[in-house]
Amino acid sequence: MAAKAVLKGVEDKFFECSFCLENFQEPKLLPCLHRICKGCLERIIKEHKDGEFRCPLCNELCDIPPEGVDGFRTDFHMKSMLEYIQLQQTAKTEDLTAECGGCSKESRITSYCFKCKGFLCEQCSSIHLTLKMMKEHRASILSLKEIKEQELTLELLASLKETPRCQSHVDKPAEVCCATCQNFPVCMVCAQFGEHKGHDIHDVRLLARKERLRAEKTLETLEEHNDDINELPIRVEKVKEKLCEGISAEKERLKLQHTKLSEMMGQRLEDNKELLKKNKREIDDQEEKEVAELEKEREREIETSVKKINDKFDKLIGEMRARNQDLRNGQETLHDETGERIIKGSVLVDREFEKLDSSVDEQGNTQKEELEEISIEAANRKTRYGNLRSTISSVLASKDNWTEAQCLPDICKASDSLIQEIRQNVTQLDSLKQIEAGDLTITMGVIVRITKEPESVVDIEGVEAQGWKVTHMNYIDSGSIVIMGNVDSEHMHITAIDRKGKLISTDLFNRISKDSDDYPALTCYPLDLFKLVTICEDGESGIFNIRNKSHIRKHMSDIVSDWDDATEVISIATDQINKNVYIGTGSRNVFVLDDMLNYRHTLQLPQGIKGSADMVVHEDNLIICDFASKAAYIVTREGPEAELVCELPKPVHGGGEWSPCRVCTDCNGFIYIIWTGEISSQWRDILTQYSPDGHHLLITKDVEGDVYGMDTMLTDGSEKLILATLEGKLYTYGLALES
């Protein structure tokens with residue numbers, strides 16, 4: 001009854017050739033275990049001259065053996081099942097008339113002889129059962145009445161069929177199996193003395209039992225993957241839906257980024273205009289004050305020599321106005337160049353958006369193609385799965401040792417391959433990557449390259465000769481380079497020089513602290529065209545006016561009500577647009593003041609940052625050099641608590657462990673950091689350049705000297721990077737723009 005139950009759930013097309021769509025005639029087994037009629041297979045082989053073809057059912061690639069169609073095994077089990085079905089159908093027919101396999105007459109059929117392989121009439125059936133010479137046929141005869149009453153099964157069918165014959169001695173029944181020749185049935189003569197001598201010979205019952213156990217285990221494994229094979233197409237559809245949602249979300253995210261950056265570019269243009277107006281206003285205000293002072297002095301001296309004094313002061317006023325006009329022109333040029341870079345950057349942002357948007361589409365299309373391939377493979381594997389499941393179940397139900405020994409090894413091999421492919425499909429589906437296009441970044445339309453060697457190296461006039469030190473340096477938009485440092489244990493200097501290191505002015509100030517002359521906290525940073533914010537002592541800040549030489553100094557305890565005297569003030573940064581001053585310390589606290597050094601609020605840096613040895617305003621963020629943690633960070637600067645944007649990649653150079661000490665940015669937003677480290681018992685400095693978003697380390701190079709100051713400056717329509725050493729050397733590097 002087992003065979004009946006097995007075949008009851010099998011579709012009719014399981015017994016049909018996928019090529020001619022008729023019931024199999026001499027079925028041949030393909031490597032994928034699908035079957036094709038021998039005649040159909042011959043036609044397929046003739047059409048494929050390249051030695052291979054694909055299965056019409058599962059698209060599996062099949063190699064054509066050298067023997068051609070005879071190289072493919074005949075599926076005797078399928079022939080048995082077809083014979084079984086034919087007998088079942090015949091048994092249902094009342095008074096069946098057909099050609100008798102014994103007398104060849106059209107007669108009423110009453111039985112079937114499995115040895116003659118034909119139906120018998122009542123007379124020939126009686127002869128088979130009584131005639132002595134037909135004795136060997138008696139065990140192979142089954143009456144149609146018995147088929148009806150016993151409900152013929154594959155197991156009963158196998159018991160009635162003749163034992164396979166030896167392929168070399170057809171008059172001898174097969175006695176053993178040759179595993180070397182794919183479980184070929186052979187007689188003992190062939191096994192011991194013939195062409196199978198020395199091969200791996202097995203008793204068919206033992207071999208069948210072994211293969212049956214293996215097949216039952218394989219069937220269990222296939223059953224375990226039943227849910228996988230049926231759910232895979234559903235999962236593919238869900239992944240497709242998720243992929244489409246991911247593509248839409250990624251495109252929307254890029255669109256929002258593009259909108260935000262476009263608005264930021266527009267705001268930059270407005271800020272650039274406001275900065276120009278502000279700087280011009282400062283020039284006008286300063287000019288008005290200076291003219292008023294000169295007019296007063298003229299009035300005081302006019303009594304002694306009117307003409308001489310008028311000529312003198314007219315000349316002074318003219319020179320002063322000429323200088324200020326040069327400043328105005330410089331601001332106009334700076335404004336125009338900055339505006340051009342911003343507009344160029346906007347164009348590149350649009351291009352980058354289109355490029356990333358296309359990238360999302362390309363990734364989406366690629367994954368859709370991969371999903372389509374997986375979907376097709378899943379459908380093919382589902383077909384193979386059904387075929388294998390039905391085949392293995394029917395073979396096991398036959399309980400025929402010879403059928404099991406010959407069919408089950410190939411079935412298990414194909415099942416193992418299918419199980420592996422199912423698992424691979426699931427793994428491929430799980431490993432599909434999320435659509436990612438990266439982020440839009442602003443590079444103002446250019447790549448900035450640092451010249452390999454300095455364009456110039458000069459001594460800062462007066463510094464080295466007098467034994468002074470340089471502890472900080474900045475370029476101010478009025479055209480001067482301002483350096484600050486120690487004179488001796490009691491004095492410090494603020495010196496203005498030109499781009500060639502020539503002295504413009506020097507101002508000396510007393511120091512309250514009597515620390516060593518390399519005291520590091522002497523720092524300055526531009527507040528506007530004519531003013532600098534300074535740190536002259538630990539816990540002290542000030543504002544120095546380059547024009548009138550005034551220096552207003554305040555202790556932080558007079559600015560911040562809950563100031564802790566143990567706090568070390570070590571760095572400054574300014575936001576000239578919003579008139580904010582940022583005072584960095586040796587802790588996580590950054591104090592935010594206005595341009596009159598009035599307290600606004602305290603900004604707390606993220607956990608893990610120990611202090612700010614140097615910092616600079618960068619867009620809406622601050623770049624922090626944390627010397628103690630040997631790391632540089634970009635953090636937000638809005639609100640009371642800063643958020644970490646990113647940690648800049650650390651340089652790997654010369655086998656040293658590097659700490660950041662100086663930072664600046666150029667007009668295009670590229671970031672420059674000086675790192676210091678001890679190599680072979682000697683301190684060395686290196687210069688690094690980063691992309692504007694801080695994610696990419698672009699350049700690492702050695703620099704000469706002990707660098708304490710770094711900034712960029714505009715000269716002759718191009719930007720330069722300038723470095724100042726502790727001993728008073730000024731290095732100028734070119735910054736070449738590449739579109």
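Helices (H or I, at least four residues) and strands (E, at least two) are DSSP runs, numbered from the N terminus. Glutamine 604 has its place in one such run, strand S25 (residues 599–604). This is a predicted model, in which local features need pLDDT of at least 70, side-chain atom pairs count only at pLDDT 80 or more, and totals for chains, interfaces and linings use all residues. Residues are numbered from 1 along each chain as its sequence is written, and side-chain values use heavy atoms, with hydrogens and water left out.

## Overall picture

The protein has 13 helices and 36 strands. Of its 739 residues, 48% count as buried. Buried means under 20% relative accessible area, exposed over 50%, and partly exposed in between (1.4 Å probe, protein chains only). The accessible surface is about 37,300 Å², and carbon and sulfur atoms hold 48% of that. Such areas come from the Shrake-Rupley method with a 1.4 Å probe; for residues, only the protein chains shown count as cover.

Contact means heavy atoms within 4.5 Å. Take the contacts between residues at least 6 apart in sequence: 55% of them join residues at least 24 apart.

Serine 541 lies in strand S20 (residues 540–545). Serine 541 counts as buried because its relative accessibility is 0%. Beyond its neighbours within four places in sequence, serine 541 touches Thr534, Ile552, Arg553, Lys554, Met556, Ile559, Ile583 and Leu597.

Leucine 597, one of those contacts, sits in the loop between strand S24 (589–594) and S25. Leucine 597 is buried, at 2% relative accessible area. Its phi is positive, about 65°, although leucine 597 is not a glycine. Most residues other than glycine have a negative phi.

Lysine 630 also has a positive phi, near 55°, and is a residue other than glycine. Its place is the loop between strand S27 (621–626) and strand S28 (631–636). Lysine 630 is partly exposed, with a relative accessible area of 29%.

Three aromatic pairs turn up in a search of the whole structure. One of them joins phenylalanine 509 and phenylalanine 544 edge-to-face, with 5.7 Å centre to centre and 85° between the planes. Phenylalanine 509 belongs to strand S17 (residues 503–510) and phenylalanine 544 to strand S20, so the pair ties together parts that are 35 residues apart in sequence. Rings of Phe, Tyr and Trp (its six-membered ring) pair if their centres lie within 6.5 Å; planes under 30 degrees apart count as stacked, over 60 as edge-to-face and the rest as tilted. Phenylalanine 509 is buried at 14% relative accessible area, and phenylalanine 544 is buried at 2%.

## Around glutamine 604

Glutamine 604 is partly exposed, at 30% relative accessibility. Setting aside neighbours within four places in sequence, its contacts are Arg588, Asn589, Pro640, Glu641 and Ala642. The C-alpha atoms of glutamine 604 and phenylalanine 591 are 8.6 Å apart, while the two residues are 13 apart along the chain.

## Cysteines

The structure holds zero disulfides. Cysteine 37 is in none; the nearest cysteine sulfur, in cysteine 17, is 3.8 Å away. A disulfide is a pair of cysteine sulfur atoms within 2.5 Å. For cysteine 62, the closest cysteine sulfur is that of cysteine 32, at 4.8 Å, too far for a bond.

Cysteine 58 is in the loop between strand S3 (52–54) and strand S4 (61–63). Leaving out neighbours within four places in sequence, cysteine 58 is in contact with Cys32, His34, Asn380 and Arg384. Its C-alpha atom is 9.5 Å from that of isoleucine 376, 318 residues away along the chain.

| Residue | Relative accessible area | Class |
|---|---|---|
| Cysteine 37 | 4% | buried |
| Cysteine 58 | 5% | buried |
| Cysteine 62 | 0% | buried |

## A nonpolar patch

Ile127, Leu131 and Met133 form a nonpolar patch on the surface, with about 300 Å² of accessible area together. Patches are made of residues with over 30% relative accessible area and no salt bridge; like charges are joined within 9 Å, nonpolar side chains (Val, Leu, Ile, Met, Phe, Trp, Tyr) within 5 Å. A salt bridge is a side-chain nitrogen of Lys or Arg within 4 Å of a carboxyl oxygen of Asp or Glu. Methionine 133 is in the loop between helix H4 (122–130) and strand S8 (141–143). Methionine 133 counts as exposed, at 68% relative accessibility.
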